[in-house]
Amino acid sequence: MNPTPPDPSPHDESPDVPGFRSWRGVYLFVFGCFVVVVILLALFSRYFA
Amino acid sequence: MNTLDWIILLGTMLGIAAYGVWRTRNVDSLNTYLKGNQSTGWATIGISVMATQASAITFLSIPGQGFESGVGFVQNYFGLPLALIIVCAVFLPIYRRLGVYTAYEFLGRRFDAKTRLLSAVLFLVQRGLATGVTIYAPAIILSAVLGWRLDLTIICTGLLVIIYTVTGGSAAVNLTQRWQMAIIFGGMVTAFIVLLTKLPDGLGFSGAAHVAGAMGKLQAVDFSLNPDRRYTFWTGMLGGTFLMLSYFGTDQSQVQRYIGGAALREGRLGLMFNALLKIPMQFSILLLGALVFVFYQFEQPPVFFNQVEWHRHEQGANGAKFTALDAQFGAAFAEQKSAIKTWLTARTTHDATTETAARDAMLAAQKQVQELRSAAKAALLADDPRAKTKDSDYVFITFILDYLPHGAIGLLLAVMIAAALGSKAGELNALATTTTIDLWRHFRPLAAHDEARNVRVAKWFTAFWGFFAIGFALYASFAENLIEAINILGSIFYGVVLGIFLVAFFLKRVGGTAVFWAAVAAQLLVFILFFSLKISYLWYNLIGCAACAILSWILQWIMGSQSQLPKSPENA
């Protein structure tokens, strides 16, 4: 029986994506886009209801 | 279908398969065969993840879902971005750091061999049976509508995917899925454009959207807390996150798609690509279905879209009843069409009273049409209790065959077949990898260093699972309710497997023996509840996962802390 592997380091590697210095920023951007998509879908539903 | 359609269909499908075989004919490294090329970039990984999830039934059923119930089904995918972020932040770095071929190999290192074997066997049972359905479900619809022989459709598509998946393994799967997705996107965009040109003059996209919205088809987001509502924002966020986490994080058919690649960055960006695009993509397919609904408000549809089934009953002993229903439906459709035109005219008057009255008349006419469609299904059941009354899967294919120009028909059929091949290839690849790495190598540890032999064995297992899927799909044609049985089977096992993984990641003091016996007990509990309760089978995902996690923690607490045990080198 083996023990737990170590946690993934939060500073593992740079995302190498223009405009982002950390993966946390990428995740926040993706989640923010999801929120925007939901808002747009809600507005779409209301406009065409 | 004419010659042009056949040329496009066979040309694209055989061309992609031949390209996959030719480009990967020299693959002899186990790593490349099981994980794909080392140089695979994020775009290929992202497309491969998308292609594995999108089966043929996605492109047959989802437009039908949009036609029948509107675009609200998109909320089912609301949990996907959050689940993929969790997979990127927690699951993927550990899989990459340990250099595993399968997700279950990680469990072997985190816990022990018996836990790894248990989860691998649970995956093989569930996915092995489901892969037959992947090829059977579209084949039954395409063969019914196009008059193709069902057994030949299953065997031909099955053999095609076996040839290139056996030859090039994961490298071939990645390569062919990229082109298959290109065909899928091209075909769906073509269908969208052609559909817009087929709408009545002057209606346009905006007018069509207003008609669909007024008739209740464009309610994309529903914040209602009413538990009777099937698709809401809350069910999508809660249930969706849970289901997507288990699918993307622990199902080898997905894990295998993103653990390869040049670096951790490529897998992460591939998953984020899906987190960004999946919801807009599913919404577009549902919107296409809603626009097909609008189209059929101006062009008379059949009362029942599975025309083969309908004509069989129409020519039977009670045929007069079905002919009468056809006539009633025609009259109701004409009334509805007239009411819609009156409402569209009333909208331009900007008189609220006139518009409301016209809208009420339109909705009343719509209700009458819906009642006749329900009556048609009831008549089918009364005539034959085994009749298949779900016709929404036939809506889009009927539209394609009746209204798309030749060439586009071949392209759209290529979309369906490409989706079937892409998802089945990913599944076969995952089944063969799990069988080779988690079972065969476990029982033949001395063979682990003979790379050529490992590749040969993986190829044999790929072929085995391919023929198993074909055999199962052929058998499924004699027992249709097996499809639902497979979905139930998946829900029974999925929860416990996810429970094992969540314990591995988040309950750090729990060891292998505790989680193994907790998983066995949780699986037994799920079996007992399944045979004694009458609840939706989807709940067993949650029950299995929660039972496994809670029992693991309790057992470990009883057995004592795991921290006294020696650490393995790779985890130290």
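This report describes confidence, nonpolar cores and cysteines in a predicted model.

## Basis of the model

Residues are numbered from 1 along each chain as its sequence is written, and chains are lettered from A in the order in which they are written. In this predicted model, local features need pLDDT of at least 70, side-chain atom pairs count only at pLDDT 80 or more, and totals for chains, interfaces and linings use all residues, while side-chain values use heavy atoms, without hydrogens and water.

## Confidence in chain B

Among the elements of chain B, confidence is highest in helix 12 (residues 264–298), at a mean of 94, and lowest in helix 19 (residues 482–506), at 79. Helices are DSSP runs of H or I with at least four residues, numbered from the N terminus.

## Nonpolar cores

A nonpolar core is a set of buried Ala, Val, Leu, Ile, Met, Phe, Trp, Tyr and Cys residues joined through side-chain atoms within 4.5 Å; buried means under 20% relative accessible area, with a 1.4 Å probe and protein chains only. The largest such core holds 176 residues, and Phe78(B) is one of those with the most contacts inside it. Helix 12 of chain B supplies the largest share of this core, 21 residues.

Beyond its neighbours within four places in sequence, Phe78(B) is in contact (heavy atoms within 4.5 Å) with residues including Phe34(A), Val38(A) and Ile279(B).

## Cysteines

Zero disulfides (cysteine sulfur atoms within 2.5 Å) occur over all chains. For Cys88(B), the nearest cysteine sulfur, that of Cys33(A), is 14 Å away. Cys88(B) is buried, at a relative accessible area of 0%.

How values were computed:
Buried < 20%, exposed > 50% of the residue type's maximum accessible area, 1.4 Å probe, protein only. pLDDT = per-residue confidence, 0-100. Helix = DSSP H or I, 4+ residues; strand = E, 2+ residues; numbered from the N terminus.
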